[in-house]
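Biologist: Please take a close look at one part of this chain for me. I would like to hear about the nonpolar core and what surrounds it.

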Amino acid sequence: MKKIILSLIAIVLISFSTSASNSIEKFSAQVTINSTETFNNQEINSNVLVGFKSIESFNEFNYNDLNTDASRCSVSVTVSVGIVSVTLTAECDCSEVKATIKKLKAIALEALASR
């Protein structure tokens, strides 16, 4: 009877550790840029959302493709690994979007690495 109980406990622990290790490998990230510009006395809002399914694509993304003529932007960077997620948001001049994304990205990845 003890062997059966110990075997069941071992099976449960092994399946739990396997599912935990699989969830840690799942990576996703997204960069969101919200900007507002005034045209003919009307505010025009624009949103850009870029999603990533691998850390390689997140690291290789060319931020030079993100150009806007607006003056103020809100930038959010969300990085998720398994069940852990970090979201950082900053307000900046739109001319500083690329630098802001790089800073937020570095902070988010560092926060996940230290978990």
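Modeller: A nonpolar core here is a set of buried Ala, Val, Leu, Ile, Met, Phe, Trp, Tyr and Cys residues, linked through side-chain atoms within 4.5 Å. Keep in mind that this model is predicted.

Start with the whole chain. It has 3 helices and 4 strands. Along the sequence they run α-β-β-α-β-β-α. Of its 115 residues, 28% count as buried.

Now the core. The largest one holds 24 residues. Those that touch the most other members are V31, I33, F58, V77, V79, V97 and I101. Five elements are listed as giving two or more residues to this core: β1 (27–39), β2 (42–52), β3 (72–81), β4 (84–93) and α3 (97–113). In soluble globular proteins, nonpolar side chains tend to be buried together.

Take I33 next. Set aside its neighbours within four places in sequence. I33 is then in contact with S46, N47, V48, L66, C73, S74, V97 and I101. Two of these partners, V97 and I101, are on the list of residues that touch the most other core members.

S46 leads on to a polar pair. The side chains of S35 and S46 are joined by a polar contact of 2.6 Å. S35 sits in strand β1. Is S35 buried or exposed? S35 counts as buried because its relative accessibility is 4%, and the cut-off for buried is under 20%.

Back to the chain as a whole. Among contacts between residues at least 6 apart in sequence, 55% join residues at least 24 apart. The chain exposes about 8,100 Å². Carbon and sulfur atoms supply 56% of that area.

Notes:
Residues are numbered from 1 along each chain as its sequence is written. This is a predicted model: local features need pLDDT of at least 70, side-chain atom pairs count only at pLDDT 80 or more; totals for chains, interfaces and linings use all residues. Side-chain values use heavy atoms; hydrogens and water are left out. Buried means under 20% relative accessible area, exposed over 50%, partly exposed in between (1.4 Å probe, protein chains only). Contact means heavy atoms within 4.5 Å. A polar contact is a pair of N or O atoms within 3.5 Å; within protein, one must be able to donate a hydrogen and the other to accept it, and residues adjacent in sequence count only if both atoms are side-chain atoms. Accessible areas come from the Shrake-Rupley method with a 1.4 Å probe; for residues, only the protein chains shown count as cover.
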